[in-house]
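Colleague: I would like to go through this model feature by feature. Please give the general idea each time, then the case at hand.

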Amino acid sequence: MVDLLLGLQWGDEGKGKIVDVLTKEYDIIARFQGGPNAGHTLEFDGIKHVLHTIPSGIFHKNAINIVGNGVVIDPVIFKKELENLDQFNIDIVSKLLISRKAHLILPTHRLLDAASEASKGKAKIGSTLKGIGPTYMDKTGRNGMRVGDLEFEDWKTKYRALADKHEAMINFYNVEIEYNLAELEAEFCEGVERLKTLTFIDSEEYIFKAQAEGKKILAEGAQGSLLDIDFGTYPFVTSSNTTAAGACTGLGVAPNKIERVLGIFKAYTTRVGSGPFPTELFDADGETMGRVGNEFGATTGRPRRCGWLDLVALKYAVQINGVTELMMMKADVLSGFKTIKVCTAYDYNGEKINHLPYNIEEKNVTPIYEELKGWAKDLTQMTKAEELPASLNDYISFLEEHLGVPIKIVSVGPDRLQTIHR
């Protein structure tokens with residue numbers, strides 16, 4: 001059976017840390033969607049690591065890490081990730097496997113991303129400008145280049161035809177973007193050569209055989225459920241399926257082979273970039289969350305918008321993913337708040353509702369809050385569930401009652417050791 005690990009908010013929930021914590025229980029960690037617009041942060045032995053495409057189990061010697069067919073790969077960024085790992089003496093060739101069906105992000109995909117975003121003016125969606133959207137557009141438009149193409153001698157011919165098409169499209173946007181394509185392509189080719197030193201596999205067959213052999217597999221998602229192309233806050237979403245269904249299409253895993261669905265959420269809510277955010281705070285409480293939580297994007301460095309926990313949106317994510325157990329991150333950040341608010345319903349155009357509606361723009365939605373008593377204790381040195389303050393346990397019980405799913409892990413800091421199992 002395959003277990004899934006998913007983010008349940010707008011990303012940045014702490015998936016990288018939890019994958020790292022759980023990897024010792026699994027033989028294979030497999031990333032199933034997204035691209036280097038994701039940043040998974042891991043911290044241990046006094047060192048902070050940020051991964052963008054490589055699965056978060058890479059630091060464990062016994063785990064095989066797979067980049068699945070649903071992922072889009074930028075060879076330039078991938079090369080830099082590999083260079084950052086060189087110092088850790090990891091057997092990359094045998095421990096990191098790449099699906100031949102994964103699509104490649106070309107330099108012109110990034111340029112198209114920039115041109116498209118610039119053309120939208122104030123209506124920008126907050127793209128990370130990594131070329132993710134244009135790459136997925138080529139994938140669904142049946143124009144894309146895949147990792148497997150690099151094994152054929154004529155891959156540069158295919159590249160040239162697609163890049164030329166992209167340049168014509170860039171001109172269509174009629175915006176000013178400066179670039180030197182020759183330099184970008186030289187960098188891209190260097191990345192491709194490094195990528196070709198790795199092991200390419202037919203990942204769906206590899207995973208099928210691993211299942212038959214009884215191997216334990218953890219599928220790792222990127223971004224968050226509220227950024228799902230179908231079920232997220234469209235159009236302010238990513239370009240892939242970040243929900244549980246994405247693991248089936250992004251790895252070739254049959255739905256009846258999925259067992260545990262592990263959902264990760266923060267004790268509050270954050271969002272990077274544009275898009276509606278009903279519980280967003282613009283006061284001292286929001287500033288405190290951002291400062292104490294060090295809320296800056298792992299990929300872009302952009303400050304994250306902060307707000308109280310939105311249980312309406314979280315319950316929606318639990319339902320569409322079939323979450324079987326929850327993990328609450330950054331409980332330590334809320335230490336010191338006398339009162340903690342939780343959004344349990346919306347006033348939707350004058351009607352009280354408990355579900356996520358089609359549109360959650362501010363003009364349509366006002367959050368309805370319940371207040372709980374906060375806690376003042378520093379949680380960061382705690383290692384056992386019995387040490388947690390009573391008010392935090394009340395908060396956890398309140399959430400479990402509303403969500404109908406147990407919270408099995410409470411994170412009290414960024415280090416892998418700052419993880420309390422319940």
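Modeller: Start with burial in helix 1, where the buried residues are Lys-15, Gly-16, Lys-17, Ile-18, Val-19, Asp-20, Val-21 and Leu-22. Buried means under 20% relative accessible area, exposed over 50%, and partly exposed in between, with a 1.4 Å probe and protein chains only. Helices (H or I, at least four residues) and strands (E, at least two) are DSSP runs, numbered from the N terminus. Helix 1 spans residues 15-22 and is mostly covered, with 8 of its 8 residues buried.

Colleague: What should I keep in mind about the source?

Modeller: This is a predicted model, in which local features need pLDDT of at least 70 and side-chain atom pairs count only at pLDDT 80 or more, while totals for chains, interfaces and linings use all residues. Residues are numbered from 1 along each chain as its sequence is written, and side-chain values use heavy atoms, with hydrogens and water left out.

Colleague: How many helices and strands does the protein chain have?

Modeller: The protein chain has 12 helices and 20 strands. Its radius of gyration (taken over C-alpha atoms) is 21 Å, close to the 22 Å from the globule rule for 422 residues, so the chain is as compact as a globular protein of that length. That rule is 2.2 Å times the number of residues to the power 0.38. Buried residues make up 56% of the 422.

Colleague: At what angle do the axes of helix 2 and helix 7 cross?

Modeller: Axes are lines fitted to C-alpha atoms, for helices over the stretch in contact, and angles run from 0 to 180 degrees between N-to-C directions. Helix 2 (residues 75-85) and helix 7 (residues 181-195) have axes that come within 7 Å and cross at roughly 55°. Angles under 35 degrees count as roughly parallel, over 145 as roughly antiparallel, 65 to 115 as roughly perpendicular and the rest as oblique; helix 2 and helix 7 are therefore oblique to each other.

Colleague: Which residues does Thr-108 touch?

Modeller: Contact means heavy atoms within 4.5 Å. Leaving out residues up to four places away in sequence, Thr-108 touches Ala-163, His-166, Glu-167, Ile-170 and Leu-181. Thr-108 lies in helix 4 (residues 107-119) and is buried, with a relative accessible area of 0%.

Colleague: Where is Gly-34 placed?

Modeller: Gly-34 is in the loop between strand 2 (28-31) and strand 3 (40-44). Gly-34 is buried, at 1% relative accessible area. The C-alpha atoms of Gly-34 and Thr-238 are separated by 8.0 Å, although these residues are 204 residues apart along the chain.
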